[in-house]
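Subject: Structure handover and notes

Hello,

Here is the structure you will be taking over. Please open it first, then read the notes below it.

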Amino acid sequence: MNPKLDTILKKAEKVLNASEPVSYRGPVHVGVDLGTAYTVLIVLDEDYNPIAGRYQFAQIVRDGLVVDFIGAIRLLSQMKAEVEEQLGFTLEQAATSYPPGVAMAEVKATRNVLIGAGLECSTFLDEPTAANRLLQVENGAVVDIGGGTTGVAIIENGEVVYTADEATGGTQFSLVIAGSMGISFEEAETFKKNRGNQSRVLAMVRPVMQKVGTIIARHIEPYEVERIYLVGGTSGMLGIREEVEAITGIETIVPSKPLFVTPIGIAMTDG
Ligand code: ATP
């Protein structure tokens with residue numbers, strides 16, 4: 001695994017949504033991740049260190065399909081303008097990605113969102129391959145538990161050899177919380193992400209975590225998987241690592257800021 005992973009993720013957390021001017025002048029690598037729950041724009045310097053970026057909750061894409069094209073362009077344009085203001089120069093191009101297993105006809109609108117926001121699309125690749133640019137896993141399973149889906153990728157000798165994507169993700173967790181507590185989906189999202197509520201949340205969503213564990217176990221079963229790496233925003237939840245490890249019987253690792261792994265990996269493929 002990438003020995004600099006933790007340092008890079010912590011840098012990303014520091015710069016994302018910050019507003020201080022950035023003095024760096026040099027080549028940049030830019031990544032755009034249009035997710036079901038979060039849209040992320042991240043800029044790396046020539047050594048792949050995060051220097052600026054934005055992330056925002058927005059429901060503009062569902063499982064790789066752009067459901068609000070105009071809204072997506074507006075949001076990305078706004079993010080780009082804010083980051084450019086900080087950097088003092090214009091961003092010309094970016095890499096972006098799509099979930100595995102979705103037809104190209106369905107995901108190609110993602111590239112058009114970039115173009116609509118004034119960014120040339122330099123690289124268009126699948127999410128697990130992007131995530132692994134940062135993780136640098138040689139052999140194992142990379143599992144992206146995002147907003148809408150759980151994506152499983154098997155890596156052998158550094159290459160993605162199998163992918164699957166199933167419709168269970170953070171949205172389902174929030175729906176269960178909303179149902180249990182009699183609150184709206186938006187309130188449940190906020191409740192879920194508040195660190196102070198983690199034990200109460202775990203008690204409500206443990207069955208959904210077990211479902212995620214079962215999905216992972218089913219897909220990795222035919223392969224000799226040494227280790228499982230959890231990425232995506234939902235992987236940061238208290239208890240999920242342990243549930244996945246218990247169900248699969250395989251050592252499971254969660255990087256410090258799993259939400260940022262795929263966006264940074266995407267940016268690393270630009271330029
Ligand atoms: P997808 O990959 O399914 O298209 P996405 O790219 O938007 O979705 P991510 O950005 O990786 O997915 O993760 C978003 C999910 O992570 C949301 O469901 C969100 O509620 C959840 N999430 C983010 N931060 C936290 C947190 N601190 N605690 C719990 N859940 C979180």
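First, a term for what follows: contact means heavy atoms within 4.5 Å. Helices (H or I, at least four residues) and strands (E, at least two) are DSSP runs, numbered from the N terminus. Axes are lines fitted to C-alpha atoms, for helices over the stretch in contact, and angles run from 0 to 180 degrees between N-to-C directions.

This is a predicted model, in which local features need pLDDT of at least 70 and side-chain atom pairs count only at pLDDT 80 or more, while totals for chains, interfaces and linings use all residues. Residues are numbered from 1 along each chain as its sequence is written, and side-chain values use heavy atoms, with hydrogens and water left out.

Five strands make an open sheet with mixed pairing, in the order 3-2-1-6-7. Two strands pair if DSSP finds at least two bridges between them. Strand 3 and strand 7 are the edge strands, and each pairs on one side only. From one strand to the next, the twist averages 20°.

Strand 2 pairs with strand 3 over seven bridges, in the antiparallel sense. Thr39 has Gln56 of strand 3 opposite. Helix 2 lies across strand 1, strand 2 and strand 3. Its direction is at about 150° to strand 3.

The loop between strand 2 and strand 3 holds Tyr48. Tyr48 has a positive phi, near 70°, and is not a glycine. Most residues other than glycine have a negative phi. Tyr48 is partly exposed, at 30% relative accessible area. The classes are: buried under 20%, exposed over 50%, partly exposed in between (1.4 Å probe, protein chains only).

Strand 9 (residues 150-156) and strand 10 are antiparallel and share seven bridges. Val152 has Ala164 in strand 10 as its bridge partner.

Asn157 is in the loop between strand 9 and strand 10. Its phi is positive, about 50°, although Asn157 is not a glycine. Asn157 is exposed, with a relative accessible area of 61%.

**The cores**

A nonpolar core is a set of buried Ala, Val, Leu, Ile, Met, Phe, Trp, Tyr and Cys residues joined through side-chain atoms within 4.5 Å. The largest has 31 residues, and Val32, Leu76 and Leu87 touch the most other members. Helix 2 (69-87) is one of the elements that supply at least two residues. Helix 2 gives the most, with seven. Beyond neighbours within four places in sequence, Leu87 contacts Val22, Arg25, Val43, Ile51 and Ala52. Another core lies apart from this one, with 26 residues, among them Ala178, Phe191, Ile220 and Val244.

**Buried spots to look at**

Which residues does Glu243 touch, not counting those up to four places away in sequence? They are Arg206, Met209 and Gln210. Glu243 lies in helix 9 and is buried, at 10% relative accessible area. A polar contact of 2.7 Å joins the side chains of Glu243 and Arg206. Such a contact is a pair of N or O atoms within 3.5 Å; within protein, one must be able to donate a hydrogen and the other to accept it, and residues adjacent in sequence count only if both atoms are side-chain atoms.

Asn197 sits in the loop between helix 7 (185-193) and helix 8 (198-220). Asn197 counts as buried, at 15% relative accessibility. A polar atom of its side chain is 3.1 Å from the backbone oxygen of Phe191.

In helix 10 (residues 261-268), eight of eight residues are buried.

**The ligand**

An N or O atom in the side chain of Glu189 is 2.7 Å from a ligand oxygen. Backbone N or O atoms of Thr149 and Thr234 each lie 3.3 Å from an oxygen atom of the ligand.

Best wishes
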